[in-house]
Amino acid sequence: MSDLKASVVETNNGFHVEGYEKIEYDFTFLDNVFNVENTQLSKCYERWGRCLAIMDLNIFNLYGDEMQKYFDHHGLELRIHKTKIGEKAKSMDTLLSIVDTMTDFGIIRKEPVLVVGGGLVTDVAGFACAAYRRTTNYIRIPTTVIGLIDASVSIKVAVNYGNYKNRLGAYHAPMHTFLDFGFLRTLPEAQVRNGFAELIKISSCGHLPTFDLLDKFCERLISTHFGRLGDDSECREAADKINRAGIFEMLKLETPNLHEIGLDRVIAYGHTWSPLHELTPEVPLRHGHAISIDMAYSATLANGRGLMTDDEHHRLLNLFSRAGLSMDHEDFNEDILDKATKAILKTRDGKLRAAVPNPLGSCTFLNDVSTEEMAKALRRHKEIVKKYPREGLGLEAFVDASDTGYTMNNTPVEKVMNGHKTTSNGIESARGDELREVMANGYPNGHKN
Ligand SMILES: NC(=O)c1ccc[n+]([C@@H]2O[C@H](COP(=O)([O-])OP(=O)(O)OC[C@H]3O[C@@H](n4cnc5c(N)ncnc54)[C@H](O)[C@@H]3O)[C@@H](O)[C@H]2O)c1
Ligand SMILES: [Zn+2]
């Protein structure tokens with residue numbers, strides 16, 4: 001929600017307008033948001049007597065019934081718009097179909113749309129709300145770790161367009177975000193790992209106590225989906241501390257910079273060389289793996305400069321490894337480093353601004369890394385990670401149908417994946433030509449967050 005305060009003065013030859021926009025939005029931690037006993041959400045819709053919800057098909061299949069019961073119980077009409085799943089669906093077409101539903105529903109000024117799902121749905125539906133009648137309110141319920149601890153922290157919303165990721169978008173804060181980690185019990189483990197990587201990022205550069213907890217509970221956090229599967233109450237308690245601190249840290253770092261005018265960003269650790277590399281392998285890497293490779297390499301660079309001790313360096317690499325995250329990839333080579341450096345210099349106003357832990361738990365930005373130093377660190381990094389399990393490669397590191405989820409010529413993408421192979425490392429890769437085409441179309445050469 002925002003509120004503009006502005007003044008107008010006359011100048012010699014015209015007028016000068018100066019305005020300040022107040023931005024305010026709240027987060028509520030609430031497990032089981034759709035439990036009928038929990039009235040926080042229904043209260044938001046009481047005055048309207050109804051709710052228009054946008055979600056992806058997976059979320060609808062898993063939670064549609066529970067939502068319907070919740071809204072029925074509270075005497076509120078519920079209309080659900082289902083979007084397709086996958087990065088390819090983060091498009092203007094999806095946005096326009098949401099817009100049509102909003103018109104059909106007759107959304108009233110100030111009436112909030114409810115957006116439920118991962119970062120993908122909250123981005124595209126959030127952008128539809130930003131654009132609809134110039135601005136429309138929305139309430140966000142993220143359902144992935146990335147959604148909960150990363151996408152919902154920011155007010156950025158977007159769609160992919162013209163072969164570029166997030167090319168069209170806006171800054172549009174929701175009225176409210178409900179943080180329900182209960183959704184994680186149904187989230188595929190590969191997606192849990194993706195979010196774990198972002199938590200390593202924020203904690204290793206910003207909050208040592210959170211890093212310590214990730215380190216202590218790593219395997220349990222992943223296998224219990226942050227304490228939501230089974231009854232490991234100790235792990236759940238640790239997960240809640242980690243998530244709360246991680247989100248708070250992100251908010252403290254990013255809210256003074258909501259429009260990203262400052263370019264030295266702690267939360268860009270792991271996001272220097274990865275935007276290009278993520279899309280380079282034949283089947284693109286999952287975001288969490290791409291940033292982990294970048295973070296692990298950056299740590300080796302920092303260690304080479306004495307910014308991280310050997311112990312800290314090993315501790316960090318070991319955490320990536322235990323979490324099943326990637327620390328290297330055969331395509332992560334000097335050529336990619338060079339191209340990715342050139343690309344990021346453009347985005348970062350001519351400076352590298354590579355965030356690195358120094359020491360673990362806080363951060364320094366490197367601007368003066370020569371090509372030789374980068375190449376030398378890369379050679380050393382590749383040697384170091386070979387000594388780790390799986391030689392530093394990750395588990396379920398590449399995007400699959402759970403990320404893409406579309407059909408080709410009416411054939412589910414899973415069936416198209418007949419060329420699916422499992423390598424000696426147990427790393428899955430899909431090599432079907434048709435699938436490659438899907439991936440290529442779905443992951444054009446843009447930038448990921
Ligand atoms: N706005 C931002 O600042 C920001 C930050 C980070 C990421 N993003 C965007 O977020 C997108 C990625 O989002 P994501 O990682 O959340 O993935 P996603 O939204 O694509 O979801 C991943 C998969 O998990 C499924 N899923 C979601 N929640 C589930 C649940 N609880 N149980 C079972 N399945 C579930 C989805 O249907 C999908 O198949 C990207 O497009 C990225 O650009 C935006
Ligand atoms: Zn990221």
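The legends below describe close-up views of a predicted model.

In this predicted model, local features need pLDDT of at least 70 and side-chain atom pairs count only at pLDDT 80 or more, whereas totals for chains, interfaces and linings use all residues. Residues are numbered from 1 along each chain as its sequence is written, and chains are lettered from A and ligands numbered from 1 in the order in which they are written.

**View 1. The shell around ligand 1.** Ligand 1 is surrounded by 31 residues, of which N58, G118, G119, L120 and T144 are the closest; a residue is counted here if its C-beta atom, placed from the backbone, lies within 6 Å of the molecule. At least two residues of this shell come from each of α2 (57-73), α4 (119-131), α5 (145-149) and α6 (189-206), and α4 gives the most, with four residues. Helices are DSSP runs of H or I with at least four residues and strands are runs of E with at least two, numbered from the N terminus. By class, the shell holds nine nonpolar, 15 polar and seven charged residues, where Ala, Val, Leu, Ile, Met, Phe, Trp, Tyr, Cys and Pro count as nonpolar, Asp, Glu, Lys and Arg as charged, and the others, Gly among them, as polar.

View 2. Strand β7 (residues 138-142) is mostly covered, with five of its five residues buried, that is, with 20 or more other C-beta atoms, placed from the backbone, within 10 Å of their own. Y138, R140 and P142 on one side and I139 and I141 on the other are all buried. Strand β6 (residues 113-117) pairs with β7 in the parallel sense over five bridges, pairing being assigned if DSSP finds at least two bridges between the strands, and L114 has I139 in β7 as its bridge partner.

**View 3. The surroundings of S152.** S152 is found in the loop between α5 and β8 (156-161), and counts as buried because it has 25 C-beta neighbours inside 10 Å. Leaving aside residues up to four places away in sequence, S152 touches T122, R140, P142, G147 and T177, contact meaning that the C-beta atoms, placed from the backbone, lie within 7 Å. S152 and G119 are 33 residues apart in sequence, yet 7.5 Å apart in space, C-alpha to C-alpha.

**View 4. The contact of α10 with α11.** Helix α10 (residues 287-304) and helix α11 (residues 310-322) pack at an angle of about 170 degrees, with their axes 10 Å apart. This makes α10 roughly antiparallel to α11, a term used for angles over 145 degrees.

Key. Axes are lines fitted to C-alpha atoms, for helices over the stretch in contact, and angles run from 0 to 180 degrees between N-to-C directions. Angles under 35 degrees count as roughly parallel, over 145 as roughly antiparallel, 65 to 115 as roughly perpendicular and the rest as oblique. A residue is buried if 20 or more other C-beta atoms lie within 10 Å of its own, exposed if 12 or fewer, and partly exposed in between; C-beta atoms are placed from the backbone. Two residues are in contact if their C-beta atoms, placed from the backbone, lie within 7 Å.
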